[in-house]
Amino acid sequence: MISDSHAGRSYPPTEPYEVTRAKIAEFAAALGDDNPAYRGENPIAPPTFAAVIAGEAWQALWEDDELGLALHRIVHGDQRITHHRPLRAGDTVTATLTIDKVRVRGAVDMINSSVTLTTPPGEVVCTAASTFLHNREEQA
Amino acid sequence: MTATELQVDVGTELPTLVMRLTRETLVRYAGASGDFNPIHYSDFHARALGLPGVIGHGMLTMGLALRAVTDWAGDPARVRSAFVRFTRPIPVPDDDSGAELIVKGTVTKLDDGIATVQLDARHGEDKVLGMATAEVDIS
């Protein structure tokens, strides 16, 4: 079971993710967003694109048997995204997840985690901090 | 991008953005984001988890809400950070009209070239995001 003793746990970085023009265009289209910054030769990615990459790092939480988390009983509570600069087409980043804090309220585990997106030279481009709520019991 | 200065004061209101989410919106977002949780496309799976039916992705709501900010700011690179609490899901029926999302924004703080925008995202009477804010570089 997950507990506060897991605070501070980090997972290995994800496989490098390459941000492409096509994926940025697809993501912007999914938001119905025709902002020219997302098109053309050197597009940047929409602010929430970071969560696409962070999502790959979240897998580590669901797959860590020691935490005992059931994905279908997880609710995304809140999300913060902080950009040191925008993600751009051509960037390659890895995502590293850390469990920051765990609180237990009755049958609900409140898990604060943060994912940093880092280029190979070590530049932190973005941090995505999430609270996940995990219900230990099946809903009636 | 151009670095034109935005004319901003505390109390400045962003243009209201009215959007419509249909099942097509959710399928597109699932593919673009890689979030294939079936509660976002299958009534069968959504009901099995006690939901009335398919609901939109929280991150889709956040992305759409931030469009109100980037449409206003022009250059999305101005957005330095954003925070949302996912307070209510948006049910998206399987029909042509889907679900409406209305996003309003107000500048609540100016500090050292950074404007804090407070966002109000509603589906009908429901406030779907709580404490939703974005920090925008207006220098």
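Author: Gladly! Let's start at T108(B), which, leaving aside neighbours within four places in sequence, is in contact with V10(B), T116(B) and Q118(B); contact means that two C-beta atoms, placed from the backbone, lie within 7 Å. Do keep in mind that this is a predicted model, where local features need pLDDT of at least 70, side-chain atom pairs count only at pLDDT 80 or more, and totals for chains, interfaces and linings use all residues. Residues are numbered from 1 along each chain as its sequence is written, while chains are lettered from A and ligands numbered from 1 in the order in which they are written.

T108(B) sits in strand β3 (residues 99-111) of chain B; strands (E, at least two residues) and helices (H or I, at least four) are DSSP runs numbered from the N terminus.

From T108(B), L119(B) is 11 residues along the sequence and 9.9 Å away, C-alpha to C-alpha. L119(B) brings us to the largest nonpolar core, where F27(A), A50(A), A54(A), A65(B), V69(B) and L119(B) touch the most other members out of 67 residues. Such a core is a set of buried Ala, Val, Leu, Ile, Met, Phe, Trp, Tyr and Cys residues joined through C-beta atoms within 7 Å. Helix α3 (residues 58-73) of chain B gives the most to this core, 10 residues.

Not counting residues up to four places away in sequence, A65(B) touches L119(B) along with V84(B), V103(B), A121(B), L129(B) and A132(B). Over in chain A, the buried residues of α2(A) include A50(A) and A54(A).

Key:
A residue is buried if 20 or more other C-beta atoms lie within 10 Å of its own, exposed if 12 or fewer, and partly exposed in between; C-beta atoms are placed from the backbone.
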